[in-house]
Amino acid sequence: RYGALGHMVAEGGRPADLSDGRIVAARIQGIQPGARGRPGEKVGLFEPGDALGTIDKNTPVGIFGQLLKAPASGLGPVPVALKHEIEKGKAEILTVLEGGRIESFEVEVVAVERQSRPGGKGLVIRVTDPRLIRRTNGIVQGMSGSPILQDGKLVGAVTHVFINDPLRGFGVLA
């Protein structure tokens, strides 16, 4: 099983019908950096080949489904942090800026919302890594689902950029 994105896939503000959807590998070809009032984006291409998995659900906190084969990330399992273990302060995100190579970048957890029900905006993060700022100017479209790690544990995933401050964005709690 897998979960991805951290937000719903929508068409015209309504949930997209993904009942026959598949997840596939992609390669990032370029980056359009973000700016105040204009979200940037990753530019990528789907790779040819078999699907990595099916899509069973399209929910407010992401898509979920069955893996048909493991992605070639080389990353192993990571423990999940409970809400009370997440603290304001240093963290990292894992994301791809070029090709298929996953890189780690420093961020700061600015706020943790102690939610009583599931929601897509339980974390506020700020990009602090100079390498990521140079390449993207912060969070860009296409980073949705990028894992947020703190103290070696999965705390959440990137979901949204602040349109007027691309250095900051929201994350969904793991």
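The points below describe the barrel, the cores and selected residues of a predicted model.

1. Six strands close into a barrel, in the order 10-11-12-15-14-13, with antiparallel pairing. From one strand to the next, the twist averages 45°.

2. Strands 10 and 11. These two strands pair in the antiparallel sense over 9 bridges. Their hairpin has 2 residues between the strands, and Gly 99 in this hairpin takes a positive phi near 60°. Across the pair, Glu 92 has Glu 106 of strand 11 as its bridge partner.

3. Strands 11, 12 and 15. Strand 11 is joined to strand 12 by 5 bridges, and the two run antiparallel; here the bridge partner of Glu 108 is Arg 126 in strand 12. Strand 12 is in turn joined by 4 bridges to strand 15 (residues 165-173), again running antiparallel. In that pairing, Val 124 has Phe 170 of strand 15 as its bridge partner.

4. Nonpolar cores. The largest nonpolar core has 24 residues, and those with the most contacts inside it are Ile 93, Leu 123, Met 143 and Ile 148. At least two residues of this core come from each of strand 5 (26-32), strand 10 (89-98), strand 11 (101-112), strand 12 (123-127) and strand 14 (153-162). Another core, of 5 residues, lies apart from it and includes Tyr 2, Leu 52, Ile 55 and Ile 63.

5. Surroundings of Ile 148. Residues up to four places away in sequence are not counted here. On that basis, Ile 148 touches Ala 91, Glu 92, Ile 93, Leu 123 and Ile 125, as well as Gly 171, among others. Its contacts also include the run Lys 153, Leu 154, Val 155, Gly 156, Ala 157 and Val 158.

6. Glu 92. This residue is found in strand 10. Glu 92 counts as partly exposed because its relative accessible area is 25%, which lies between the limits of 20% for buried and 50% for exposed. Leaving aside neighbours within four places in sequence, Glu 92 is in contact with Ser 104, Phe 105, Glu 106 and Val 107, and also with Pro 147, Ile 148 and Leu 149. The side chains of Glu 92 and Ser 104 are joined by a polar contact of 2.3 Å. Val 61 is 31 residues from Glu 92 along the chain, and the C-alpha atoms of the two are separated by 20 Å.

7. Aromatic pair. The structure holds 1 aromatic pair. Phe 162 and Phe 170 form this pair, which is tilted, with 4.8 Å centre to centre and 50° between the planes.

8. Most residues other than glycine have a negative phi. Leu 5 has a positive phi, near 80°, and is found in the loop between strand 1 (2-4) and strand 2 (10-11). At 22% relative accessibility, Leu 5 is partly exposed. Asp 151, also not a glycine, has a positive phi of about 55°. Asp 151 is found in the loop between strand 13 (147-150) and strand 14, and is exposed, with a relative accessible area of 73%.

Methods. Residues are numbered from 1 along each chain as its sequence is written. This is a predicted model: local features need pLDDT of at least 70, side-chain atom pairs count only at pLDDT 80 or more; totals for chains, interfaces and linings use all residues. Side-chain values use heavy atoms; hydrogens and water are left out. A nonpolar core is a set of buried Ala, Val, Leu, Ile, Met, Phe, Trp, Tyr and Cys residues joined through side-chain atoms within 4.5 Å. Buried means under 20% relative accessible area, exposed over 50%, partly exposed in between (1.4 Å probe, protein chains only). Contact means heavy atoms within 4.5 Å. A polar contact is a pair of N or O atoms within 3.5 Å; within protein, one must be able to donate a hydrogen and the other to accept it, and residues adjacent in sequence count only if both atoms are side-chain atoms. Two strands pair if DSSP finds at least two bridges between them. Axes are lines fitted to C-alpha atoms, for helices over the stretch in contact, and angles run from 0 to 180 degrees between N-to-C directions. Rings of Phe, Tyr and Trp (its six-membered ring) pair if their centres lie within 6.5 Å; planes under 30 degrees apart count as stacked, over 60 as edge-to-face and the rest as tilted.
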